[in-house]
Structure formats: structure tokens, C-alpha cells
Amino acid sequence: MDSTDFFNDVTEYSSATIADISSLSNNNADSGYRSGKISFIVIGAGLIGPRHAAHIVARPDCELFAIVDHSAKGPKVAEQFDSLLFKNLSEMFSYCEYNNVPYPTAAIIATPNHTHVKLGIELASKGIHLLVEKPLASNTQDCMTLISYCNHKNVKLLVGHHRRFNPYIIATKNNLDKLGRLVAMQGTWTLCKPPSYFLDKPWRSSVELGGGTLLINLIHDLDLLQYLLGPIEKVYAELLTKQRTDRFDEQSFASNELVDEGAVLTLKFANGCCGTFICSDNVTSPFSFEAGTGENPTVPFNDEVSGFYRIFGSHGTISVPDLKLYHQYELLPSPSPSPNYKDDSPIHRFREKPKPFDLQLDHFVNLIRGDETEVKCTGEDAVRALLCIEAVTKSIETGMPQYVESIDNIKVDVDMLNDFMET
């Protein structure tokens with residue numbers, strides 16, 4: 001059994017994308033957006049919002065108009081980026097109208113899951129383009145409602161499944177044809193979140209508000225697996241034993257149920273590929289996307305991690321993030337050719353690590369300017385990921401395998417939509 005690294009694919013992709021970013025301001029203009037910088041607001045000053053803000057201010061063609069956040073973190077983050085601060089959208093809209101200032105062109109929503117739809121509709125009603133952190137909403141009907149309203153208002157909607165922009169994933173997707181027929185996959189997302197993660201944002205401890213690792217974390221991996229392998233058709237899931245005994249909040253809810261700590265899944269894809277996946281946020285382990293790629297500065301990077309995804313095919317196997325391609329040449333009369341590489345150094349040992357948030361923002365800016373028309377993570381993509389999570393939840397509740405519902409069966413919330421259609 002031979003193996004080859006395909007890091008060249010990753011470095012070539014990174015270099016090309018960086019070149020695209022640096023030349024962005026020289027592209028031919030669509031009228032209206034080329035006369036000045038694209039004005040952004042970031043809603044939410046938690047873990048993700050400031051990362052988005054940093055990427056915005058680093059771009060010469062964008063400006064950060066304001067941070068919108070009512071928490072104690074808001075003033076510090078706004079000061080850090082020298083931007084305006086508003087406690088809510090109403091404050092911001094009033095400021096713009098009173099001072100005859102144009103509304104911002106775009107908004108990034110990085111708030112608790114259950115707030116996404118209301119905020120999104122408020123912003124879309126003013127024609128403001130949206131990048132919404134995943135999940136798009138806490139349920140599929142709300143997702144479809146926001147999608148429909150954005151279409152009605154001709155607003156661009158990009159969902160923040162940013163790992164689709166990670167060069168590791170791009171390289172993996174580009175090399176899948178070397179595997180022949182895709183037969184099976186194996187995946188892992190396992191780490192241990194400290195109490196501070198929940199104390200910082202109490203909603204993460206709330207079942208009612210969309211907390212739990214299935215909705216916060218597993219949805220990322222299910223989206224990526226569908227991006228790589230196609231639609232998931234059927235799932236079976238078993239919850240992992242809960243070890244935490246504290247909800248880490250003082251709020252009163254109808255239920256004191258502790259959020260999930262993960263599950264073990266079996267998956268069947270529409271193309272016939274089958275697989276297993278382990279997801280846990282309360283075990284001591286380096287086998288996660290963040291630890292293996294160094295993407296998230298809040299998760300310690302481990303350059304020895306290999307195989308948090310393994311994809312098995314009739315002609316070969318790919319391991320991620322080590323990005324090794326395995327072939328069994330002597331048994332194959334016409335094996336897929338393996339690439340030749342001058343440099344097999346892992347990308348995560350380079351000084352410049354991949355920056356998917358930059359690449360995602362680059363795509364969003366291009367959508368706004370009209371330089372790109374195909375959205376790389378649509379609202380419908382987000383719904384499909386959430387439908388998988390709902391199937392996982394139903395499987396846990398019933399103890400039986402569940403087919404993933406078709407997106408065609410999901411209807412909009414007509415009452416919610418009618419409330420805004422006249423605006």
C-alpha cells in the first residue's frame with residue numbers, strides 16, 4: 001500500500017485565492033459598489049463576531065460601520081475596531097435615518113441561533129445583504145421563511161458554513177475522483193469544552209435556545225460531508241452519556257434538561273456510500289477539525305492529528321487533514337495516477353495557515369459586487385444540513401433509523417412572512 005501527500009493542491013489553491021483577494025479592487029465594476037468601500041455591520045460580539053470584524057477591517061475595499069451588541073463585550077469590541085456601537089438594530093436604523101447616513105450594505109449575523117431569523121428579516125427589509133452564521137435558524141421552517149423573504153427583497157444570503165472554504169476541504173474535494181467509486185467514510189469530531197465556554201454564553205447550555213453540540217458543532221460536519229459526498233439519505237444515532245451536571249446559567253426555563261454532549265451516528269448517502277461518525281464535546285481528544293487544521297485560534301493546534309475524516313473508495317482512500325492518498329497499485333490493472341509532488345511538507349507547518357473566514361468574506365464581497373453569481377453555501381444548503389440534524393434528533397427519540405426529509409416538503413411560515421411582505 002503506497003501513499004502520497006497532495007499538499008500542492010492546497011498550497012496552489014491558497015496562493016490563487018490570495019492573489020484573487022489582492023486584485024479584488026482592480027476588477028471591473030458593477031455600478032454602485034465600486035465608488036466606495038462596502039459598509040458592514042457585525043451583529044454579535046462573542047467568539048465569532050470579532051473574528052469577522054477583524055477580516056473586514058483588514059480589507060481595503062470594506063469598512064466596519066458598527067458593532068451591534070447589547071452585552072458588556074460590545075463596547076470593548078467596538079473600541080478595538082474603532083467603529084460605532086449600537087445595542088440593537090432599531091438604534092442603528094434610527095441613527096442612520098436621523099443623520100441621513102446610508103444603511104450599511106451588508107451584515108454578518110453572529111448571534112445565538114434562535115435570533116437569526118428575526119434579525120435577518122429586519123435587515124433584509126432594508127435591503128441589507130446577509131452572511132448568517134450557521135445554523136441559519138433553529139428549525140427548517142424558519143430557514144425557509146428567511147430564504148423566501150431574502151428572495152422577495154432581492155437580498156444576497158450566504159450561510160456561514162465557512163469550512164467549505166478551507167483549502168483542506170477544497171483539496172479533498174478536488175481529489176475525490178482518484179478514489180474511484182466512493183464506498184465508505186469514517187469521521188470524528190471530539191474535544192472537551194471547558195466550563196468557561198458555557199459561562200460566557202449561557203444560551204449554549206439551553207435546549208430551548210439551540211444549545212448542544214449536535215446543533216452547534218455536528219451540523220458543520222454534516223454540511224461538509226454532504227458537500228464532499230452528496231446528500232445524506234438515512235441516519236441512525238445514539239446519544240453519548242452525559243457527564244455534565246450543571247447548565248451553567250441562572251435562567252428559568254420550562255425544562256431543566258441538560259444539553260446533549262454528542263452522539264454516535266451511522267450514515268447512508270444517496271450515492272450508496274455508508275459511514276460512521278463520532279461527535280463529542282466532552283471527551284479528551286485532539287481529533288477534531290479545529291485541532292487538526294489550526295483553523296480556530298481558540299482550539300489548540302495539533303500538527304500530529306490525522307484522519308478525522310477518512311473516505312474509502314474502490315481505487316483508493318483519502319485521509320484528512322494529513323491529506324494522504326492511499327493506493328494499492330499491485331492489485332489494480334489501471335489505477336488512478338497519483339500526483340507527483342516536489343514538496344510534501346504539510347500545509348499546517350507553513351507560516352501562513354489557511355484562512356477560510358477571509359475566503360468566505362472574499363466570496364461574499366464578490367456576490368455583492370456581482371463578480372460571482374453562484375452562492376457557495378446557499379440557504380437551501382443550510383436547510384439540508386439542518387434536516388440531517390432533525391433526522392438525528394428523531395432517531396435518538398425513537399431509537400430507530402430515520403430517512404432525511406426532502407427540502408421540498410418544508411413550507412414557509414406564512415404568518416411571519418406576511419408580517420414583513422408589505423415593508
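Reader: Which kind of unit do S6, helix H6 and S7 make?

Author: Happy to start there, with the reminder that this is a predicted model. S6, helix H6 (residues 140–152) and S7 form a right-handed β-α-β unit. The name right-handed applies because, with the strands pointing away from the viewer, the path from the first strand over the helix to the second runs clockwise.

Reader: What makes S6 and S7 a pair?

Author: Two strands pair if there are at least two bridges between them. S6 and strand S7 (residues 157–160) have 4 bridges, in the parallel sense, so they meet that cut-off. You can find Leu130 opposite Leu157 of S7, and Val132 has Val159 as its bridge partner in S7.

Reader: And how do you know that S5 is joined to S6?

Author: By the bridges again: strand S5 (residues 106–109) and S6 run parallel and are joined by 4 of them. One place to look is Ile108, whose bridge partner in S6 is Leu131. S5 and S6 also belong to a right-handed β-α-β unit, with helix H5 (residues 116–124) as its helix.

Reader: Why is S6 called largely enclosed?

Author: A residue counts as buried when its relative accessible area is under 20%. In S6 (residues 129–133), 5 of the 5 residues are buried, so the strand is largely enclosed by the rest of the structure. His129, Leu131 and Glu133 point one way from S6, while Leu130 and Val132 point the other way, and all are buried.

Reader: Which residues of S7 point one way, and which the other?

Author: Leu157 and Val159 point one way from S7, and Leu158 and Gly160 the other way; all are buried.

Reader: What makes the space beside Leu131 and Ile108 a cavity rather than a pocket?

Author: A cavity is a set of points where a 1.4 Å probe fits but cannot get out, whereas a pocket is an open set.

Reader: How does the lining of the second largest pocket divide by class?

Author: It has 9 nonpolar, 4 polar and 7 charged residues. The second largest pocket holds about 530 Å³ of space. Of its 20 lining residues, the closest to the centre are Val207, Gly211, Leu214, Asp260 and Thr393. Helix H9 (213–229) and helix H12 (379–398) each supply at least two lining residues, and H12 gives the most, with 7.

Reader: Why are Cys96 and Cys388 called buried?

Author: The cut-off is under 20% relative accessible area. Cys96 is at 1% relative accessibility, so it counts as buried. Cys388 is at 0%, so Cys388 is buried too.

Reader: How many disulfides does the structure hold?

Author: The structure holds 0 disulfides.

Notes: Residues are numbered from 1 along each chain as its sequence is written. This is a predicted model: local features need pLDDT of at least 70, side-chain atom pairs count only at pLDDT 80 or more; totals for chains, interfaces and linings use all residues. Side-chain values use heavy atoms; hydrogens and water are left out. On a 1 Å grid over the protein atoms alone, a cavity is a set of points where a 1.4 Å probe fits but cannot get out, and a pocket is an open set with protein on both sides within 12 Å along at least five of seven lines; lining residues have an atom within 4 Å of a point. Grid points are joined across faces, edges and corners, and a volume is the space filled by probe spheres set on the points. Ala, Val, Leu, Ile, Met, Phe, Trp, Tyr, Cys and Pro count as nonpolar, Asp, Glu, Lys and Arg as charged, and the others, Gly among them, as polar. A disulfide is a pair of cysteine sulfur atoms within 2.5 Å. Buried means under 20% relative accessible area, exposed over 50%, partly exposed in between (1.4 Å probe, protein chains only).
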